[in-house]
Amino acid sequence: MVDETQQANMGLITAIVAVATLGGFLFGFDSGVINGTVDGLRIAFGSDDVGTGFNVASMLLGCAIGAFVAGRLADILGRKKTLLIAAFLFIISAFGSGVAGSSIEFVLYRIIGGFAVGAASVLAPVYISEVTPANLRGRLSSIQQVMIIIGLTAAFLSNYLLAEFAGSSTTPLWLGFEAWRWMFWMELIPASIFLIALFFIPESPRFLVSKARQADARSVLERLFGSGYAQRKVTEIETSIASDHAPRLSDLMDKHTGKIRKIVWTGIGLAVFQQLVGINVVFYYGAVLWQAVGFSESDALKINILSGSISIAAVVAAIALIDRVGRKPLLLIGSIGMAITLATMAISFSSGSLVDGKLALSDNAGVTALIAANAYVALFNFSWGPVMWVMLGEMFPNQIRGSGLAVSGFSQWIANFGITMTFPIMLASIGLTGAYGFYAISAAISVAFVWLMVRETKGMELEDMKG
C-alpha cells in the first residue's frame with residue numbers, strides 16, 4: 001500500500017485545514033459573543049428571563065436547520081460552495097445582530113447566523129477528513145475544535161476589552177452605539193477573511209468523484225498526495241460509490257429490517273450527549289453564571305477568558321493523543337471526569353445562601369466551584385469537544401455521510417437549543433444545584449452509551465467505514 005503520509009503535500013493540506021477551520025473559529029466566535037451581550041439585550045429589548053433565553057438560544061434553531069440542510073446541500077453543490085454560502089451568511093448575521101432595533105429583528109439575524117454555524121459545524125470536519133491522510137485524520141480534524149475554542153476565547157476577550165473600554169456592555173462606545181453592538185460587529189473581520197480564503201482551496205475529491213468528475217478529483221489528489229496515490233484512491237472511491245446509488249435520506253434505514261441503522265443512532269447519541277452535559281451553558285451564560293455567585297461583570301468576563309485558555313490547552317492535548325490512543329478511550333475519560341466535576345459544582349452551589357436575590361458562596365465553596373468548573377471545561381475539550389466532531393466527520397460510510405451528518409447535526413443543535421433555552425428557567429426555579437445535578441447525571445449516563453454504542457475508528461480509511 002502507498003504510504004500517503006510520506007507523499008503528502010503537507011503544506012497544501014495544512015493550508016486547506018487552516019481555511020476550513022476558520023469556519024470553526026466563526027462557529028466559536030458567533031457562539032461566544034452572546035456571552036457578553038446578555039445584559040445589553042435585556043435592557044435594549046426589555047425582555048424577561050424567558051425572552052432573554054430565547055434571544056440567546058434563537059441562533060440554535062438556525063444551527064439545527066443549517067446542519068440538517070448543509071449535509072444534503074454538500075452532496076448536491078459540494079463542500080466548498082456550501083461553505084461559501086455559510087461565510088456569506090456569517091457576514092449578514094454579524095452586521096444585522098449589531099444593528100437590530102427589536103427582539104424580533106435580532107432573532108431573525110441570529111437565526112441567519114445559526115444557518116452558517118450549523119453548516120460550518122458539520123462541513124468543516126467532513127471536508128477535512130476527506131482531504132487528509134487516515135493516520136493523521138483525527139489530529140487534523142481535531143483542529144476544528146481548537147479553532148472553535150480560539151473563536152470562543154477571542155469573543156470573550158473582545159467582549160471584555162470593549163466592555164472595559166466603554167465602562168460596561170450597555171454603555172455607548174464608538175459612533176454612539178452601545179458596546180454590546182460592537183461585540184457583534186467584531187465578527188465581520190474573521191467572516192470576511194473566511195469568505196475570501198475559501199476561493200483558494202479545492203473541492204473535496206470524494207464529492208468530485210460522486211459527480212463523475214474523475215479528472216478533477218485526480219488533479220486534487222495529485223496535488224495532495226502525488227500521482228500514484230491519486231489514481232489508486234480515485235479507483236477506490238469509484239468502487240465505493242458504484243456499489244450503491246446516489247445518496248438519499250432513506251439510506252439511513254436498514255434495507256433488511258426497515259429500522260434506522262445503529263450507526264445513525266450512535267451519531268445522534270454522540271451529538272445529543274455532547275449537549276446534555278451542559279457545556280454551552282458555560283459558553284453562552286458564563287458571565288451570568290459567575291455574576292450569580294457573586295462575581296462582578298468584569299471578573300466574570302475575565303473568568304471566561306481563563307476558561308477559554310484552559311480549553312485550548314486541553315484540545316491541544318487531545319490532538320496529541322487522538323490518533324494514538326483512539327477516540328473511544330478519550331470519550332470515556334471525558335464522561336467519567338465530567339460526571340465528577342459537575343457533581344462537585346452542584347454540591348458547592350448547594351452550600352450557598354441567597355443574599356439580595358443572588359447566590360452567595362463561602363470562600364471555600366466558591367474556590368471549589370471555580371476549580372471544578374475549569375476542570376470540567378478542560379475535560380470536555382479533551383474529549384467530547386473534539387472527538388464528537390471527528391467521529392461524525394469520519395464514522396459514516398461514504399453512502400450516508402451527508403445524510404448521517406445532517407441528522408446528527410440537527411439533533412446536536414436541537415439539544416443545544418433545549419439546554420440553552422431552559423437554563424435561565426432552571427436557574428430561576430431549581431437553581432444552579434438542580435441544573436448542574438442534571439448535567440452530572442447526563443454525563444454519567446454517557447459513560448454507558450460510549451461503552452455500548454461507540455466503535456473505534458482510529459486509523460481506518462473512509463472507504464472502509466461500515467454502517
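Student: OK, so buried means under 20% relative accessible area. With that cut-off, is G151 buried or exposed?

Tutor: G151 sits at 0% relative accessibility, so it counts as buried. Keep in mind that this is a predicted model.

Student: Got it. Where does G151 lie?

Tutor: You'll find G151 in helix 8, which covers residues 137-166.

Student: And what is G151 in contact with, leaving aside its neighbours within four places in sequence?

Tutor: Its contacts are F25, G28 and F29. There's also L26: the C-alpha atoms of G151 and L26 are separated by 6.1 Å, although the two are 125 residues apart along the chain.

Student: Let me zoom out. How many helices and strands are there in the protein?

Tutor: The protein has 21 helices and two strands.

Student: And how many of the residues count as buried?

Tutor: The protein has 467 residues, and 60% of them count as buried.

Student: What about contacts between residues at least 6 apart in sequence?

Tutor: Of those contacts, 81% join residues at least 24 apart.

Student: Can you show me one spot like that? Where does M388 lie, say?

Tutor: M388 is in helix 19, residues 384-394. With a relative accessible area of 0%, M388 is buried. Setting aside its neighbours within four places in sequence, M388 is in contact with L270, A271, Q274, S383 and Q412.

Student: How far apart are M388 and Q274 in sequence and in space?

Tutor: They're 114 residues apart in sequence, and 7.4 Å apart in space from C-alpha to C-alpha.

Student: Switching to rings now. How many aromatic pairs does the structure hold?

Tutor: It holds 10 aromatic pairs. One of them is F27 with W413: the ring centres are 5.3 Å apart and the planes are at 55°, so this pair is tilted.

Student: Why does the pair of F27 and W413 tie together parts that are apart in sequence?

Tutor: Because F27 lies in helix 3 (residues 22-32) while W413 lies in helix 20 (residues 401-429), and those parts are 386 residues apart in sequence. F27 counts as buried at 7% relative accessibility, and W413 counts as buried at 0%.

Student: What about W182 and W185?

Tutor: W182 and W185 also form an aromatic pair, and it's edge-to-face, with 4.9 Å centre to centre and 90° between the planes. The two are three residues apart in helix 9 (residues 179-185), so about one helical turn separates them. W182 and W185 are both buried.

Student: Where's W174, and is it buried or partly exposed?

Tutor: W174 is in the loop between helix 8 and helix 9. It is partly exposed, with a relative accessible area of 39%. Together with F165, L175 and F177, W174 makes a nonpolar surface patch of about 490 Å².

Student: What sits over the ring of W451?

Tutor: That's the charged end of K328, which is 5.8 Å from the centre of the W451 ring.

Student: Charges, then! How many salt bridges are there?

Tutor: The structure holds four salt bridges. In general, side chains of opposite charge can pair when their charged atoms come close.

Student: What does R110 form a salt bridge with?

Tutor: Its partner is D30, and the closest N and O atoms are 3.5 Å apart. This pair links distant parts of the chain, since R110 is in helix 7 (residues 103-129) and D30 is in helix 3, 80 residues apart. R110 and D30 are both buried.

Student: And what about D323?

Tutor: D323 forms a salt bridge with R327, and their closest N and O atoms are 3.0 Å apart. D323 is buried with a relative accessible area of 13%, and R327 counts as buried at 0%.

Student: Last one: R213 and D216, are they buried or partly exposed?

Tutor: R213 is partly exposed, with a relative accessible area of 40%, and D216 is partly exposed as well, at 36%. Their side chains meet in a salt bridge of 3.0 Å, N to O.

Methods: Residues numbered from 1 in each chain as written. Predicted model: local features only at pLDDT ≥ 70, side-chain atom pairs only at ≥ 80, totals over all residues. Heavy atoms only, no water. Phe/Tyr/Trp six-rings, centres within 6.5 Å; stacked < 30°, edge-to-face > 60°. Helix = DSSP H or I, 4+ residues; strand = E, 2+ residues; numbered from the N terminus. Buried < 20%, exposed > 50% of the residue type's maximum accessible area, 1.4 Å probe, protein only. Lys NZ or Arg CZ within 6 Å of the ring centre and 35° of its normal. Patch = residues over 30% accessible without salt bridge, like charges linked within 9 Å, V, L, I, M, F, W, Y side chains within 5 Å. Areas by Shrake-Rupley, 256 points an atom, 1.4 Å probe, with all protein chains shown as cover. Contact = heavy atoms within 4.5 Å.
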